Amino acid sequence: MALSLSKRAFNQERIVFLITIVLFAVFAVELNNFLAPANLLALVRSVAVLGMLGMAMLVVVLGRGIDLAIVANMAISVGWALQLIAGGMPVWLALCVGLGFALGMSLIGGILIAYAEIPSLFATLAMATFIYGFGRAHLITGTDVVYLPKDMGLVAQLGQGVVAGIPMPIIVAAATALAAYLFLKYTKPGRFIFAMGDNFNAARIGGIGVRPMLVFQYVLSGGATFLAGLITATSVGAMNTRIVNSNMIYDVILVVVLGGVGLSGGRGGVRNVIVGTLLIGVLMNGMTIMDVQYTVQNVIKSLILLFAIVSDSIINPRDEQTGQQGDI
Amino acid sequence: MKSALLRLAAVAVAALTVGSATVRAQDNMNDPYREPALNALKGKSIAYLPISIGFDLAQAWGGVIKTEADRYGMTFKARDPNWSTDAMAQAMTSLIAEHPDVIVTQNPDLQSLARLLKQANAAGIRVIQMNMQGAIQTDAFVGPDFISMGEQEAGMIAKACGKDTQTSHKIAIVQGVLTGGVSYYQVKGLLEGLKAHPEIKVVSSQAADWDASKSRAITETVLQQNPDLCGIVDVWDGQGVGTGAAIKQAGKQGQVYFLTSGGGAQSMCDRLADGTFSAAINYDAPGMGRDAFTAISALLQSKQPAGSIKFQLYSPTRVMTKADVKAGTCWDPQAYATLLR
């Protein structure tokens, strides 16, 4: 009993949380101004979008899927909306078109996975390439960076506004996290996602409409993605569609996995993603203050991920009971 | 009668012949050199392989070269590796096999294409490198002299933040990709130039990977850490959008002197006009396209084999501030992008 308690006390989420706290303490002592409230806000703000994408990924991963099209969907849907606004379309209409595009693309992805039974890894990988290729060939035909039009009105406040001293991106990210938490914890579809991730066939036999549920997960992810993209664009002043080629999608998977969400589905929650995101935020902020080059930052980031995973597998070794089919 | 008629006809024919001969002679007198020049260009093929065709600089270069190629009956084809160095190396390999007369390319970094460019030259293909100088010199390099541009930037930043000013003398540098020619040589020149101004302290020098989101996050933290920062140099205006957004959102617009450089697309003018950039060094991308075509024209007219004469064609640059921005000062990338489609 004591053994199993100590085992539970040190799962991956706790290990990562511990690393975060240790790093935080070290930076707080070593670096000037690290603890300044403005710096802490900057820290959270810099990972707000990553956290939101993490939430989008979480909903899919919990159902034993993965959505590699998140970044492409975000870049193209928001980029297209901005271009439409620059071309004279009313802001609200352009945003509806962009959102419609994001939802439509994730709907197609979801249908491929749920009804054509293509593994999510391949379906979303193909969708990512399709969305980006189609978008660059037919929607965003000029430069691959779409600048924010001048007359965005209140929408620009999503990225630039400050409410009660807190930047809007943090507020929106927190609201998204809260919504994801409530959805996963208290709604029937939310619980169904856990059931499907835990044991897909049992969930199906149990009477859950698994195919529509699968599609629904991806559509949810698409909606959150559009919101995250809108925040990126309004705070940076441009939507850079080139991020599709960057390793951002791995960063999204990283914050999800780092916090202890199992890629095999059914395990984890919003808290795990928050912990993973905070670790990345603390790391990036501290290393930028120390003027560490970002290539070196990547090395350190991956070493910490490896450390978390290795210590988890030493403390909680896999066996027939804890290992799940489909574990990666 | 008959013979008179015949004689008249003969005279007429003779006159005609003489007349047309004079016309041809006059043609030659006008410009005997036009024909050989046009013949040297006609039917030649140009292959264009920048890092990506999706960004303003490459669109302007390609657009201008294509327009001129069409004018002289040359074929022009563009390949788009879309920021992937692997795809670019593959495309370069297949281009060497296809053997166009000229390849116009842009190195993603100092080394990746160096061997392939050497091979292309050896295969008799003339190679022109745009903007990003690689480790190998080929027939022509077209682009600003980034080292001297860096030194110029050092002078400008010293004027804004140097010892004659009541400032903290603290500056930050936002680099692109560390090994990219534009970033590498510009930063080199900048640091060299700053040696003459020991009072200036570089508090941060980070790479943003040509990505505005990254430069925004870096600059936000740097400003947080150094609220009294005096100046920032960003090596490219494309990512400078993010740097500028961070300055604005920190409420430091006007207080931080923000200097950047780029090809002079409309986005540069817009950002100068709204105060995001304090000053920008404009190296006029359509002008570079013209320089590149001039190099192509000169190389093809000289009968020298590929790689035998090598030029560094440094582009003229101009410093721009808000006061220089007027309608039509900058160019619209969309117009050039359409040409390349």
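In what order do the strands of the open, parallel sheet of chain B run? I looked that up before anything else. The order is S2-S1-S3-S4-S5-S11, 6 strands with parallel pairing. I use DSSP runs for elements, numbered from the N terminus: helices are H or I with at least four residues, strands are E with at least two. Two strands pair if DSSP finds at least two bridges between them.

**Ground rules**

This is a predicted model, so I note that local features need pLDDT of at least 70 and side-chain atom pairs count only at pLDDT 80 or more, while totals for chains, interfaces and linings use all residues. Residues are numbered from 1 along each chain as its sequence is written, and chains are lettered from A and ligands numbered from 1 in the order in which they are written.

I checked the edges: strand S2 (75-78) and strand S11 (311-314) of chain B each pair on one side only. The twist averages 15° from one strand to the next; angles here run from 0 to 180 degrees between N-to-C directions, with axes fitted as lines to C-alpha atoms, for helices over the stretch in contact. I then zoomed in on strand S1 (residues 45-49) of chain B, which pairs with S2(B) in the parallel sense over 4 bridges. Within that pairing, Ala47(B) sits opposite Lys77(B) of S2(B).

**The mixed sheet of chain B**

I found another open sheet of 6 strands in chain B, ordered S7-S6-S8-S9-S10-S12, and its pairing is mixed. S7 and strand S12 (318-320) of chain B have a single partner strand each, so one side of each is left without a neighbour in the sheet. Neighbouring strands are turned by 15° against each other on average, direction ignored. Strand S10 (residues 279-282) of chain B runs antiparallel to S12(B), with 3 bridges. Asn282(B) has Arg318(B) in S12(B) as its bridge partner. I also followed helix H6 (residues 146-161) of chain B, which packs on the sheet and touches S6, S8, S9 and S10 of chain B. The direction of H6(B) makes about 165° with that of S9(B). A contact, here and below, means C-beta atoms, placed from the backbone, within 7 Å.

**Domains of chain B**

I looked up the domain assignment (bounds come from an automatic or database source). It gives domain 1 (37-144 + 285-316) and domain 2 (146-282) in chain B. Their centres, taken over C-alpha atoms, are 30 Å apart. Domain 1 of chain B puts 13 residues into the contact and domain 2 of chain B puts in 12 residues. On the domain 1 side, H3(B) has the largest share, 3 residues. That side divides into 8 nonpolar, 3 polar and 2 charged residues. For the classes, Ala, Val, Leu, Ile, Met, Phe, Trp, Tyr, Cys and Pro count as nonpolar, Asp, Glu, Lys and Arg as charged, and the others, Gly among them, as polar.

**Where chain B meets chain A**

I get 32 residues from chain B and 29 residues from chain A in the contact. On the chain B side, the elements supplying at least two residues each include helix H3 (56-71), helix H8 (212-225) and helix H12 (333-340). H8(B) gives the most, with 9 residues. By class I note 10 nonpolar, 17 polar and 5 charged residues on that side.

**A stop at Leu339(B)**

Leu339(B) lies in helix H12 of chain B. Is Leu339(B) buried, exposed or partly exposed? Leu339(B) is partly exposed, because 17 other C-beta atoms lie within 10 Å (buried takes 20 or more, exposed 12 or fewer, partly exposed is in between, all with C-beta atoms placed from the backbone). Leaving out residues up to four places away in sequence, Leu339(B) touches Gly63(B), Lys66(B) and Thr67(B). The C-alpha atoms of Leu339(B) and Thr67(B) are 7.9 Å apart, across 272 residues of chain.

**Both chains overall**

For chain B I count 12 helices and 12 strands. The radius of gyration of chain B is 26 Å, well over the 20 Å of the globule rule for 341 residues, so chain B is more spread out than a compact globule. That radius is taken over C-alpha atoms, and the rule is 2.2 Å times the number of residues to the power 0.38. The C-alpha trace of chain B spans about 110 × 45 × 35 Å along its principal axes. Buried residues make up 53% of chain B.

Chain A has 15 helices and 4 strands. Its radius of gyration is 20 Å, close to the 20 Å that the rule gives for 328 residues, so chain A is as compact as a globular protein of that length. Buried residues come to 51% in chain A.

Notes: Contact = placed C-beta atoms within 7 Å.
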